[in-house]
Amino acid sequence: MTIVEDLLAGPRGRRLCWEVVLGTVGDQPDDDTLFWASYWTSVHRGDGVSLFGPGASEPRPAPSDDDVVTAVEALFDAADPASATLDQVLAALGRAAESAMWWQEPDAEDVLLQTVVPRSLHERIATAVAAAPGVQALFATAPVPARWTVIPDTSGYGGAVRPAAAVLAEWRRELLDERSHGLGDPVTARISGTWWTTPPGGLLDTTTERDGRGPLGLWAVEDHTGWERAAVAPAAVDPSARIVVVDDAEDWAALCRAAPIDVTATTRRHDWYRATGRDGAWVVPDWAAIAERYDAVHLTLRGWLRASGTAIPVDADSADGTPDSADGTPDSVDGTPDSVDGTPASVIAGWTPDTTVWLRDPRPALGRSTMWRWSGEDRGWLPA
């Protein structure tokens, strides 16, 4: 696969391209078409958006699709994405991750990029972005990349280290208990809960870095809580560690087939319906079972760009065979899952790209940490 193909395959790759374009615009075109297109996209699906300031009482009508495409082309022509530096690309990657919200409908800009912008224009943009030295540096990794862990300097992170097996066993028990939610509510009900598919908190996760800019675990975090300081420590990884790699959607589906847990009767059904538009059966990898075979799981940058937030089909025989509800009875009247699509699917959600999560003890030993801080002025992460 080429970088261009990786950028075009999924919504995060297309959004990264768009953020690189926006980050390299010289003279901004005097045109608010895309603002109004995003606004009306949100209004028409009931997001409850409001206008403030001059002109708010008389909003401009929704632009046509042709107007939107013309506006995108104008911004692309005013930008120089092929010159994007690594700092600009890392900042764009961060914005692409921040806009990944898999508990609600896709961001309005993602909707426009997916439904209005033609493939030919996406290809032109991706080709220019892929040529940028910053993108080339982002995709380049050392044969044996150094790995780093990031510990945000805020409450809720760090603390005592518990045995990995205990963390995973507790996660599995709690997940199975969640299935008591059942399937009685319509999939469109405004119900939300746990939506991410990462292994549970309390395990060690590591990412790689690029040219001294700090690990990607600083730059690109889904569902970022706003922390602006973090300790960064090197992790001494055993070269013989058994690491299962997720490089595309099929790799994720294979994990789900190998060790699935049916989560159709949890609140994920509602969250992922809003995020993907799919009403059907859902599974996630059983990380406790995966830990019996592997020391860690690694989601590559490429895998994140291509597949994050998409409904990934999983073979129908991946159901785990346990009841859909806590009392051991089916949740639907006729004894079958109350869903449109009975073939399971899954979602990569809540992941930082290029992350390895360590599922077993002993975990990689950590070296001396250094503090990093977010600089709004420099639009990037710097050593504190």
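## Salt bridges

A salt bridge is a side-chain nitrogen of Lys or Arg within 4 Å of a carboxyl oxygen of Asp or Glu. The structure described here holds 24 salt bridges. It is a predicted model, in which local features need pLDDT of at least 70 and side-chain atom pairs count only at pLDDT 80 or more, while totals for chains, interfaces and linings use all residues. Residues are numbered from 1 along each chain as its sequence is written, and side-chain values use heavy atoms, with hydrogens and water left out.

One of the salt bridges joins the side chains of aspartate 6 and arginine 302, with 2.9 Å from N to O. Because aspartate 6 belongs to helix 1 (residues 3-8) and arginine 302 to helix 14, the pair ties together parts that are 296 residues apart in sequence. Helices (H or I, at least four residues) and strands (E, at least two) are DSSP runs, numbered from the N terminus. Aspartate 6 counts as buried at 3% relative accessibility, and arginine 302 is buried with a relative accessible area of 16%. Here buried means under 20% relative accessible area, exposed over 50%, and partly exposed in between (1.4 Å probe, protein chains only).

## Further pairs and a network

Arginine 12 forms a salt bridge with aspartate 110, their closest N and O atoms being 3.0 Å apart. Arginine 12 lies in helix 2 and aspartate 110 in helix 6 (residues 108-115), so this pair ties together parts 98 residues apart in sequence. Both arginine 12 and aspartate 110 are buried.

A further salt bridge links aspartate 32 with arginine 60, where the closest N and O atoms are 2.6 Å apart. Aspartate 32 is in the loop between helix 2 and helix 3 (33-44), and arginine 60 in the loop between helix 3 and helix 4 (65-78), so parts 28 residues apart in sequence are tied together. Aspartate 32 is partly exposed at 38% relative accessibility, and arginine 60 is partly exposed at 29%. Salt bridges that share partners also join Arg12, Arg15, Glu19, Arg95, Asp107, Glu109 and Asp110 into one network.

## The nonpolar core

A nonpolar core is a set of buried Ala, Val, Leu, Ile, Met, Phe, Trp, Tyr and Cys residues joined through side-chain atoms within 4.5 Å. The largest such core has 94 residues, and those with the most contacts inside it are Leu7, Leu16, Leu138, Leu218, Trp252, Trp287 and Trp351. Helix 5 (residues 86-98) gives the most to this core, with 7 residues.

Leaving aside neighbours within four places in sequence, tryptophan 287 is in contact (heavy atoms within 4.5 Å) with residues including Leu168, Trp171, Trp252, Leu255, Val297, Trp351 and Leu359.

## Helix 12

Helix 12 (residues 268-276) is largely enclosed by the rest of the structure, because 7 of its 9 residues are buried. These buried residues are Arg268, Arg269, His270, Asp271, Trp272, Arg274 and Ala275. What covers them includes helix 9 (164-178) and strand 6 (280-285). Just after helix 12, glycine 277 takes a positive phi of about 80 degrees.

## Threonine 300

Threonine 300 is placed in the loop between strand 7 (296-299) and helix 14 (301-307). At 12% relative accessibility, threonine 300 counts as buried. Not counting residues up to four places away in sequence, threonine 300 touches Val245, Val246, Asp247 and Asp354.
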